[in-house]
Amino acid sequence: MLLQATSSVVVHVSAESGPIVQAEIVVHGDIVGITDDRGEATIQIPAGETEVTVQRYGFTSRTVPFQPDASRIDVELESESVSNEEIIVTATRNDVQIEDEPLRVEVVPRDEIDEKAVMTPGDIAMLLNETSGVRVQVTSPSLGAANVRVQGLRGRYTQILSDGLPLYGGQTGSIGLLQIPPLDLAQVEVIKGVASALYGSSALGGVINLVSRRPMQRERQLLVNRTTRGGTDNSFWIAEPAKDRWGYTLLGSANFQEKNDIDGDRWADLPGYKRGVFRPRAFWDDKKGRSFFATVGVMAEDRDGGGDFFPEELGTRRLDGGAVGRFLLGNRVLSIRGSAMTQSHRHQFGETVEHDRTETWFGEASLGATSRGHTWTAGSAIQADQYRSRDVSRFNYTYVVPGFFAQDEYSFGSRATVSASGRLDAHSKYGAFFSPRLSALLRVPHRVTARVSTGTGVFAPTPFTEETEAVGLTNVAPLKDLKPERAWSASSDLGWTSSHVNVNGTIFSSIIRHPAGIRPSPAGTSQSIEIVNAGEPTRTTGSELLARIQAGDLNLVLSHTFTHSTEIDLKDGTRRTVPLTPRHTAGFDAMWDKEGRMRVGFEVYYTGRQQLDDDPFRNEGSPYWIYGLLVERRIGPFRLFLNGEDLSNVRQTRFSPLVRPSRHFDGRWTVDAWAPIEGRIVNGGFRLSF
């Protein structure tokens, strides 16, 4: 057997701004090296003349010849606008470039995640809250729990996935959002509007898919952070690139927060917590179209909030695991994915204690191919959700939902693409549901794209609403004759892209029929609240405007969202504006980034007036502005950062009290959180790469 001779070559990659890290070196179609912090990579090249291609996100790829007697190659790349980058989205199952997807997918790229990772290292709440059309709503000021509202729809309709898997549960609870560290994320994909045709009834309002970072090069990173409100975050990230086709990553996080009563009313404005997260991931890729990915996650957290006269505590333990495989069968791709999650809670509300356990089991197989302009996928899935409560067993349930789905995208040349998808789910309790969706993409001259999309979906009832998750189930009457919630949504997008500017405008609308909510129980019953369907639909309309501008080292993001959403007030039957839904929100984010050296960021966010629900102090929330400033400096292997949030010190308790004069009929002692409660927070720390 003859071994092919090779040459050892140092490739140095740079730009006007200096060395380029994490540039990929490609020879004969295979990635053979990744540049380090000096912009260098040592590779082995077969003897003889050949070509070397260098590629990096944010720069124009370049191919250079290699001469056999050379020991070093210097390559200079030109900066390229992020708006022109080939971002691949995976949430639609087709794994296509974002500009080719008929269904609009909003992507938060790695550089923005990297920025938010030093602002709030312990969770992804800020990362999502600063995405246009997405609002993180605090559901329990007592414990800081929050969920995600997409285009004005309530948070229980939003499905949070990790690499397409429901690792945080089939119906993500309001506390799960605060238990996901961002350090190991490559990008976040957001699908807005009814997405049941893709992911079933858990995705009535939209999908947030958290895509993990792949081990492209050897990395060791430690992040240490401390806040002026007594918060401490310690996280580490380890990545080992493929050896013998296998690579792995490892994330660990320990987060602590001291309990704070900022306004001195004997109620915690900032709950205390202790949390630990550990998540290894393994990757296999044969570079021939076959790949495999597996992960296991462990999380433990204890939260402590409430007041001296009404303590609240929540202990959470979660274990999850999942795997995704892609295999070639001729010219077709077989995708198999599966996951399992088990989560237990111990929740104390004053003198009442509730213990429960939630489990989600998921499996899916699909087959896809591209032929004659069609890109199609067909498959089947099954999901089982189980809830067991030791103390409120009347709400125990087991739902098993097998489903079948298919989607087809057809391209009319380079100018237009249409997509049709549908899913048939057979719910073990509520029967069969069919959820279709149609989307279209049109490219017109002068770099303009237009998209339209519409779809329907169904949400199966559970005892969990924003209110019941905040107060527990002890005071909730047994569910009676609840109907599934049915939704329709539509959106229209118009975008324009140049070499340095990306602008997109969206108009959206949705209708939810039979929406579920709470009202006081009839007199004579032992429980104080009941969950019922409203007789009239919830109607939502609105618009989004998003602009991204890149000018050298300066990046600007401007956004505005208008939302008008109305529903039936179940207490008196009148139509009202949906509480905690501001008509106008806007944002401005500026980041000056001298790559590899220093960056300075400044942001401003505006939140308009909001209708409030049963607030004894006021009927609507006051508008407010939030300012933030970030400075990060690189010194050798260290990146030192200092960040200030809510610099104008906006606090809800400066407008009106948080604690009610008497307990609400649903069991809460606090009013809804419509503005920041913790006020100004400054945090600082370092990131160490080694």
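One aromatic cluster is formed by Y387, Y397, Y399, Y430 and F464. The points below begin with the aromatic side chains, then turn to the chain as a whole and to selected residues.

**Aromatic side chains**

- Over the whole structure, a search finds 12 aromatic pairs.
- One of them joins Y397 and Y399 in a stacked arrangement, with 4.5 Å centre to centre and 20 degrees between the planes.
- Y397 and Y399 are both buried.
- A tilted pair is formed by F655 and W674, whose ring centres lie 5.4 Å apart with 55 degrees between the planes.
- F655 and W674 are 19 residues apart, and each is placed in the loop between strand 42 (638-645) and strand 43 (681-689).
- F655 counts as partly exposed because its relative accessibility is 36%.
- W674, by contrast, has a relative accessible area of 1% and is therefore buried.

**Overall fold and dimensions**

- The secondary structure of the chain consists of four helices and 43 strands.
- For 690 residues, a compact globule would have a radius of gyration near 26 Å, and the value of 26 Å for the chain agrees with this.
- The C-alpha trace spans about 90 × 55 × 50 Å along its principal axes.
- Among contacts in the chain with a separation of 6 or more, 62% are between residues 24 or more positions apart.

**Surface, burial and charge**

- Of the 690 residues in the chain, 55% are buried.
- The chain has an accessible surface of about 28,600 Å², and carbon and sulfur atoms contribute 55% of this surface.
- There are 75 positive and 84 negative side chains in the chain, and the centres of these two sets are 3 Å apart.

- Helix 1 covers residues 110-119 and is mostly covered, with eight of its 10 residues buried.
- The buried residues of helix 1 are E112, I113, D114, E115, K116, A117, V118 and M119.
- Helix 3 (residues 196-199) contains Y199.
- Y199 has a relative accessible area of 12%, so this residue is buried.
- Apart from residues up to four places away in sequence, Y199 touches T90, A91, R93, L161, G164, V207 and R423.
- Y199 and H345 are 146 residues apart along the chain, and their C-alpha atoms are separated by 26 Å.

**Selected strand residues**

- R281 belongs to strand 20 (residues 272-285).
- With a relative accessibility of 4%, R281 falls under the 20% limit and therefore counts as buried.
- Not counting residues up to four places away in sequence, R281 touches S162, D163, D184, S212, G247, Y248, T249, F293, A294 and T295.
- From R281 to T566 the C-alpha to C-alpha distance is 43 Å, and these two residues are 285 residues apart in sequence.
- S335 is found in strand 23 (residues 332-349).
- Because its relative accessibility is 11%, S335 counts as buried.
- S335 touches G325, R326, E364, A365 and S366 when residues up to four places away in sequence are not counted.
- H374 lies in strand 25 (residues 374-389).
- The relative accessibility of H374 is 30%, so H374 counts as partly exposed.
- Leaving aside neighbours within four places in sequence, H374 is in contact with A369, D408, E409 and Y410.
- Between H374 and E409 the C-alpha to C-alpha distance is 5.5 Å, while the two are 35 residues apart in sequence.

**Points to carry forward**

- The predicted model describes a chain with four helices and 43 strands.

Technical notes: Residues are numbered from 1 along each chain as its sequence is written. This is a predicted model: local features need pLDDT of at least 70, side-chain atom pairs count only at pLDDT 80 or more; totals for chains, interfaces and linings use all residues. Side-chain values use heavy atoms; hydrogens and water are left out. Helices (H or I, at least four residues) and strands (E, at least two) are DSSP runs, numbered from the N terminus. The radius of gyration is taken over C-alpha atoms; the globule rule is 2.2 Å times the number of residues to the power 0.38. Buried means under 20% relative accessible area, exposed over 50%, partly exposed in between (1.4 Å probe, protein chains only). Contact means heavy atoms within 4.5 Å. Accessible areas come from the Shrake-Rupley method with a 1.4 Å probe; for residues, only the protein chains shown count as cover. Lys and Arg count as positive and Asp and Glu as negative; His and the chain ends are not counted. The place of a charge is taken as NZ of Lys, CZ of Arg, CG of Asp or CD of Glu. Rings of Phe, Tyr and Trp (its six-membered ring) pair if their centres lie within 6.5 Å; planes under 30 degrees apart count as stacked, over 60 as edge-to-face and the rest as tilted.
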